[in-house]
Amino acid sequence: MKLNIWIVGAGGAGLDILYWVNDWRDTQDDNVVISGFVDNKYANKNTNMDRYGDTTQKLSIISTKSSMPGAKDRYICAFGFPKDKIRFSSVMLNKGASFITLVHPTSYVAGNSKISIGGVICPNAVIAPNVRVGKFTTIGIHASVGHDAIIGNYCEISPGARISGRVEVGDEVLIGSNAVILPGLKIGSGAVVGAGSVVIADVKSGETVLGNPSKVVWRKK
Ligand SMILES: CC(C)(COP(=O)(O)OP(=O)(O)OC[C@H]1O[C@@H](n2cnc3c(N)ncnc32)[C@H](O)[C@@H]1OP(=O)(O)O)[C@@H](O)C(=O)NCCC(=O)NCCS
């Protein structure tokens with residue numbers, strides 16, 4: 001079967017995903033063609049396509065409005081911020097779009113772990129056994145998620161982050177690059193963990209924590 005992939009978001013994350021999808025399609029039985037991007041911002045201007053390089057196909061950028069999901073179209077969400085993941089995946093889901101789950105061929109996902117629809121496991125990420133990764137959540141390059149951990153929906157786990165075993169992460173959480181979460185901790189929904197932070201205690205919903213050991217610097221009302 002022929003599948004056309006559309007990357008929702010043509011910014012920095014979209015550029016990354018273009019290359020991850022290009023690697024991934026070689027592992028698929030289907031004939032996967034990368035059609036281009038869906039992005040209202042980039043569709044309306046003369047975007048220099050050189051930025052996207054040569055991935056062997058001619059790519060187009062269309063707006064959410066002009067995107068008409070057909071039976072062979074598959075989508076992947078390419079945004080780093082949880083709010084954008086929700087916003088643009090919802091727009092396309094409401095139009096009937098089907099999303100793929102992208103597990104990069106250089107990543108490791110233990111056989112009994114589950115990655116939900118719209119999830120992206122980036123190059124060299126490691127997902128230990130009995131892990132649950134929620135829908136539209138990205139596990140960044142070289143990040144690791146320890147055994148029995150649960151990661152919610154629409155989360156961004158940035159490059160090199162270390163989520164230890166049994167950690168529970170709520171929905172819409174942003175964990176910065178190289179942050180470390182010690183075993184068994186709970187990170188509430190909507191929380192932000194700053195890059196390089198070492199989290200040694202639970203983080204409540206809506207809190208932003210920074211530093212080593214991390215401290216609460218901001219709390220959503
Ligand atoms: C936590 C974070 C979201 C805060 O962003 P912000 O609200 O814009 O905060 P600011 O950059 O204005 O910094 C506020 C203060 O926190 C400090 N700070 C910011 N990030 C920090 C971090 N990761 N560790 C320690 N201190 C940090 C700043 O130095 C500043 O200190 P000051 O008030 O004494 O001047 C952001 O710094 C961060 O770490 N984001 C994650 C980025 C990332 O890893 N992205 C992945 C890219 S692929």
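This is a predicted model: local features need pLDDT of at least 70, side-chain atom pairs count only at pLDDT 80 or more; totals for chains, interfaces and linings use all residues.
Ile163 is in contact with Ser144, Val145, Gly146, Ala149, Ile157, Val169 and Ile181, leaving aside its neighbours within four places in sequence. The domain assignment divides the protein into domain 1 (2–100) and domain 2 (103–211).

**Ile163**

- Ile163 lies in strand β15, which covers residues 162–163.
- Ile163 counts as buried because it has 31 C-beta neighbours inside 10 Å, and the cut-off for a buried residue is 20 or more.
- Ile163 and Ala128 are 35 residues apart in sequence, and their C-alpha atoms are 10 Å apart in space.

**The two domains**

- The centres of domain 1 and domain 2, taken over C-alpha atoms, are separated by 23 Å.
- Where the domains meet, 13 residues of domain 1 are in contact with 13 residues of domain 2.
- On the side of domain 1 that touches domain 2, α1 and α3 (82–94) each supply at least two residues.
- That side of domain 1 consists of eight nonpolar, three polar and two charged residues.

**The largest nonpolar core**

- In soluble globular proteins, nonpolar side chains tend to be buried together.
- Here the largest nonpolar core has 61 residues, and those with the most contacts inside it are Ile7, Val8, Val21, Ile76 and Ile121.
- Helix α1 (residues 12–25) provides the largest share of this core, namely six residues.
- Both domains take part, since the core draws at least three residues from each of domain 1 (2–100) and domain 2 (103–211).
- Not counting residues up to four places away in sequence, Ile7 touches Gly14, Ile17, Leu18, Val21, Phe37, Ile76 and Ala78.

**Helix α1**

- Helix α1 has 14 residues and reaches 20 Å from its first C-alpha to its last, close to the 20 Å expected at 1.5 Å a residue.
- The buried residues in α1 are Ala13, Gly14, Asp16, Ile17, Leu18, Trp20, Val21 and Trp24.
- An α-helix has 3.6 residues a turn, so residues three or four places apart point the same way.
- The elements covering the buried residues of α1 include β1 (2–8), β2 (31–38), β4 (73–77), β5 (102–103) and β8 (120–121).

**The ligand surroundings**

- Around the ligand are Ser158, Pro159, Gly176, Ser177, Val192, Gly194, Ala195, Gly196, Ser197, Thr208, Leu210 and Gly211.
- By class, this shell holds four nonpolar and eight polar residues, with no charged residues.

Methods:
Residues are numbered from 1 along each chain as its sequence is written. A residue is near a molecule or strand if its C-beta atom, placed from the backbone, lies within 6 Å of it. Ala, Val, Leu, Ile, Met, Phe, Trp, Tyr, Cys and Pro count as nonpolar, Asp, Glu, Lys and Arg as charged, and the others, Gly among them, as polar. A nonpolar core is a set of buried Ala, Val, Leu, Ile, Met, Phe, Trp, Tyr and Cys residues joined through C-beta atoms within 7 Å. A residue is buried if 20 or more other C-beta atoms lie within 10 Å of its own, exposed if 12 or fewer, and partly exposed in between; C-beta atoms are placed from the backbone. Helices (H or I, at least four residues) and strands (E, at least two) are DSSP runs, numbered from the N terminus. Domain bounds come from an automatic or database domain assignment. Two residues are in contact if their C-beta atoms, placed from the backbone, lie within 7 Å. The expected span of a helix is 1.5 Å times one less than its number of residues.
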